[in-house]
Amino acid sequence: MINMKKYIIWILMLPILAISSISCKKLVEIKETDFIGGDLALRTVKNNESLLIGAYAGFQTEMSIRLNGTFSDELKPGDFYASQSTHEWQFGVADIGIRDNYTAITSYYAVIDRVNRVLQALPNAVVEVPTDNALREKVRGEALFLRAFAHFELFRYYSKNYAPNELGMFYAEVPSLTPQARIPMGEYFTKILADLNTAKPLLANDLTDVFRANRLAATGLHPRIALYMGNWNDAETYSTEFINAIPLATRAEFPGIWTDANRRESAFKLNRTTGSRIGSFFRGLFTKNTAGATVPPASISWVPSSKLWNAYDKVNDIRFSSYLIDEPILATVAGKPTKIVAKYAGTGYTTVNENVADIKVLRTGEMYLIRAEARAEKNAFTGANSAESDLNALRAARITGYVNVTLTSKENAITQILGERFKELAFEGHRFWDLKRRGLPVERLDEDSPSALGKTLPANNFRFVLPIPQSETNANPNIQQNEGYTN
């Protein structure tokens with residue numbers, strides 16, 4: 001498996017630093033360790049909670065947003081283009097991690113290692129106050145949820161579409177430095193769902209803190225997993241449970257989701273600060289000159305594709321103005337693109353929290369589309385409680401004056417649902433994987449294509465699955481490389 005030694009000491013130090021009662025002298029006196037566990041670092045229940053918070057901090061959801069945008073038809077190059085290998089699907093085992101920075105295997109197994117250390121230490125962790133007994137169970141539930149979530153993300157990056165006998169990744173259930181082989185998807189997903197189902201009753205049964213895993217977050221992750229497995233009954237059941245708990249935002253409320261003015265539709269978010277400006281991926285920071293005028297960024301790296309821009313009803317669809325903008329300020333500079341991504345803009349140009357926005361991990365809009373797809377696959381494409389009713393409900397919540405449509409077949413329903421996912425979930429980390437799991441090509445318009453090579457990725461091409469990075473195969477000789485990337 002990945003070479004964990006390089007950050008074991010850092011992992012063990014996280015909870016130590018959170019203990020104010022330990023003096024600097026005592027901290028210095030703690031011996032460096034290279035063993036699994038950390039008896040001193042994880043001595044108490046609250047120590048374990050501190051390491052759990054470190055696991056949340058390790059989630060690289062921004063990476064899936066960037067990957068799905070650049071690998072798919074959501075984005076095209078702005079005024080600076082340096083990602084030909086990924087945007088034009090020419091990546092290999094070396095540059096996917098070094099130059100283009102899409103190495104999920106490192107970040108997600110680091111998260112898994114942290115929660116496994118928590119799960120290992122929790123049973124013997126010291127209770128300091130009576131409430132620590134309940135906290136122990138809550139921390140255990142969150143650790144299991146994060147372990148399931150991280151393993152599912154690894155599947156999306158590195159595995160083919162779900163088939164029980166195809167290769168998943170290796171499922172890490174204990175802290176270990178031992179090289180491991182990948183296991184079949186059937187076994188892999190059994191473990192994911194076991195962790196998720198065990199976690200659910202242990203999690204907080206409210207939405208007081210949407211920055212920590214709660215019971216409804218587990219409910220929301222379940223239908224997403226079921227969607228990829230083709231388990232349409234579970235996809236419908238659990239998405240319905242989520243929808244019944246959290247209704248769609250109104251059109252008036254919807255823009256506030258993306259500025260973090262409200263928490264509508266969200267069961268689980270990842271908090272972000274100025275240390276992680278997700279909006280800067282699409283555009284740099286605006287500044288002010290000495291005269292107080294707003295100055296555009298030096299570079300606008302990625303802009304929305306014309307295909308996406310033209311997909312919206314620009315007058316009536318609240319998603320268009322919430323996600324995209326034709327920015328007049330940029331028109332003042334020759335060569336600058338003006339049509340840019342407004343999603344994740346934060347508190348506005350030149351403000352402290354420009355480009356800072358929380359990552360919305362699980363929300364109601366996605367659940368409607370999961371349920372619609374599941375219902376369509378079960379041939380409930382029209383009438384009450386159907387793909388049609390879900391699609392119409394979502395569109396009516398987003399589009400002023402929307403008129404209901406009638407879906408005429410399962411195929412018609414699936415096509416419209418995927419089109420709606422393109423618009424509803426833009427820049428949320430789904431598009432490339434949606435095309436992959438449905439066996440569809442990436443097809444860009446001529447005006448969105450940087451080259452002939454970068455116009456179309458054929459359906460089911462091996463590059464819908466990322467290569468296991470060379471650094472990983474060097475460290476773990478037991479791991480199997482993905483098809484198409486072997487020498």
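How many residues does helix H9 have, and how far does H9 reach from its first C-alpha to its last? In this predicted model, H9 runs over residues 185–199 and has 15 residues. Its reach from first C-alpha to last is 21 Å, close to the 21 Å expected at 1.5 Å a residue.

The buried residues of H9 are Met185, Gly186, Tyr188, Phe189, Ile192, Leu193, Asp195, Leu196 and Ala199. The cover over these buried residues includes helix H8 (132–158) and helix H10 (215–229).

The axes of H15 and helix H17 (residues 410–424) come within 9 Å and cross at roughly 165°. Angles over 145 degrees count as roughly antiparallel, and H15 and H17 are therefore roughly antiparallel to each other. The crossing of H15 past H17 is left-handed. On the H15 side, the contact is made by Gly365, Glu366, Leu369, Ile370, Ala372, Glu373, Ala376 and Glu377. On the H17 side, Lys410, Ala413, Ile414, Ile417, Glu420, Arg421 and Glu424 take part.

One of these residues, glutamate 366, deserves a separate look. Glutamate 366 lies in H15, which covers residues 364–377. Its relative accessible area is 2%; buried means under 20%, so glutamate 366 is buried. Leaving aside neighbours within four places in sequence, glutamate 366 is in contact with Arg224, Val361, Arg421, Leu425 and His430. With arginine 224, the side chain of glutamate 366 makes a polar contact of 2.8 Å.

Technical notes:
Residues are numbered from 1 along each chain as its sequence is written. This is a predicted model: local features need pLDDT of at least 70, side-chain atom pairs count only at pLDDT 80 or more; totals for chains, interfaces and linings use all residues. Side-chain values use heavy atoms; hydrogens and water are left out. Helices (H or I, at least four residues) and strands (E, at least two) are DSSP runs, numbered from the N terminus. Buried means under 20% relative accessible area, exposed over 50%, partly exposed in between (1.4 Å probe, protein chains only). A polar contact is a pair of N or O atoms within 3.5 Å; within protein, one must be able to donate a hydrogen and the other to accept it, and residues adjacent in sequence count only if both atoms are side-chain atoms. Contact means heavy atoms within 4.5 Å. The expected span of a helix is 1.5 Å times one less than its number of residues. Axes are lines fitted to C-alpha atoms, for helices over the stretch in contact, and angles run from 0 to 180 degrees between N-to-C directions. Angles under 35 degrees count as roughly parallel, over 145 as roughly antiparallel, 65 to 115 as roughly perpendicular and the rest as oblique. A crossing is left-handed if the near helix is turned anticlockwise from the far one by less than a right angle, and right-handed if clockwise.
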